[in-house]
Amino acid sequence: MTTPREFDARACSNATARPWSWDPSESLFARTLFLHAHPDDEAIQAGGLTALLTAAGHRVSILTCTRGEEGEAVPGTLPAGAGEAELVAQREAEITRARAILGVADGWWLGTAPALAPGAAPRRYRDSGMSWIAPGVAGPAPSAGPGAFSRADLSAEIADARALVAHVRPTVIIGYDAAASYGHPDHVRVHDLAGALGRVTGIPVLELASTPGQAGWCYRSARAHEATVVAALRCYASQLTVVDRADPALAGLPVIGTPGPGAAGAGAARDSEPAPQLLIRHVGGQLQELPLWPGLRPADSASSFPTPQTSAHAAAAGLPSTPVAE
């Protein structure tokens, strides 16, 4: 069986499009700020990566941009007749528990101080909603109004996020890649917001890969933190269930996040290890692999980026190196 370290070396050896690698022990991650679109994205999209970084001793903060107002609820998880207020309260409680399990130090909402531009009145960015336009691919909901996160004034969103950056002083910002996980319009806006923050602040921005096994990305194994990730996912009873892939009812169904034939790097290495026994089942029925193979690369907007082999960024920030927790 391929060991995690062998996996990491093989998966990152294909990062030829941009010769860059990352290690969760690097002081680049000492103060990491994640940008996420909805409550549950920190577990579904970045659970493995977040657990890797907090286990390495880094301070991880999360800025969540909406409260998931348009999300469907798993039947039976809300009282009969519950409306948006009850759903939002549930999702706020779920994210609080999930962040604690993942070891996250701080969490904020975009538009609420300190993630609020100086002098601005508090504002809430609404979940834009979505519609499935293809298996595993989302598009915007026709009902999304001007107050929706994906349609609001991007300059106001940048100003609010920039205020939080001044408060947190992150060493790195992590957002989504251009594919934006599965194309949700709010995830696309997070991609745009992260890139804009990097340009106006000069802070390095990393993109989290939507798809395993892509050339030009460096993937790491978070299998050692599977139990933590599963516990965080199970906080989101209103949005998903964690199911056994051996369930006969799931046989033959497509699974989001499964490497296709010939996938570069991560696909080959993952095939040498047993797949996790568990899967995520979304409220809409879609199945997804656990987020245990995070891939990162510098954002396209980054003209220069510190590599793990250079310590200029860490030295400038006065940050020590932190060992990886195995």
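Strands here are DSSP runs of E of at least two residues and helices are DSSP runs of H or I of at least four residues, both numbered from the N terminus; two strands pair if DSSP finds at least two bridges between them. The structure is a predicted model, in which local features need pLDDT of at least 70 and side-chain atom pairs count only at pLDDT 80 or more, while totals for chains, interfaces and linings use all residues. Residues are numbered from 1 along each chain as its sequence is written, and side-chain values use heavy atoms, with hydrogens and water left out.

Five bridges link strand 9 with strand 11 (residues 278-282) in the antiparallel sense. In this pairing, Leu 240 is placed opposite His 282 of strand 11.

Strand 6 (residues 172-176) takes part in parallel pairing. Three bridges connect it in the parallel sense to strand 1 (residues 31-36), and Leu 33 faces Ile 173 of strand 6. Strand 6 also runs parallel to strand 7 (residues 205-208), to which four bridges join it; Gly 175 is opposite Glu 207 of strand 7. Five of the five residues of strand 6 are buried, so the strand is largely enclosed by the rest of the structure. Buried means under 20% relative accessible area, exposed over 50%, and partly exposed in between, with a 1.4 Å probe and protein chains only.

Helix 3 (residues 47-55) is likewise largely enclosed by the rest of the structure, because eight of its nine residues are buried. Among the buried residues are Gly 47, Leu 49, Leu 52 and Thr 54. Gly 57, which follows helix 3, has a positive phi near 95°.

The largest pocket holds about 440 Å³ of space. A pocket is an open set of points on a 1 Å grid over the protein atoms alone, where a 1.4 Å probe fits, with protein on both sides within 12 Å along at least five of seven lines; lining residues have an atom within 4 Å of a point. Of the 23 residues lining the largest pocket, Gly 71, Met 130, Tyr 182, Gln 239 and Val 283 lie nearest its centre. Helix 2 (41-44) and strand 4 (130-134) are the elements that give two or more residues to this lining. The lining comprises six nonpolar, eleven polar and six charged residues, with Gly counted as polar.

How values were computed:
Grid points are joined across faces, edges and corners, and a volume is the space filled by probe spheres set on the points.
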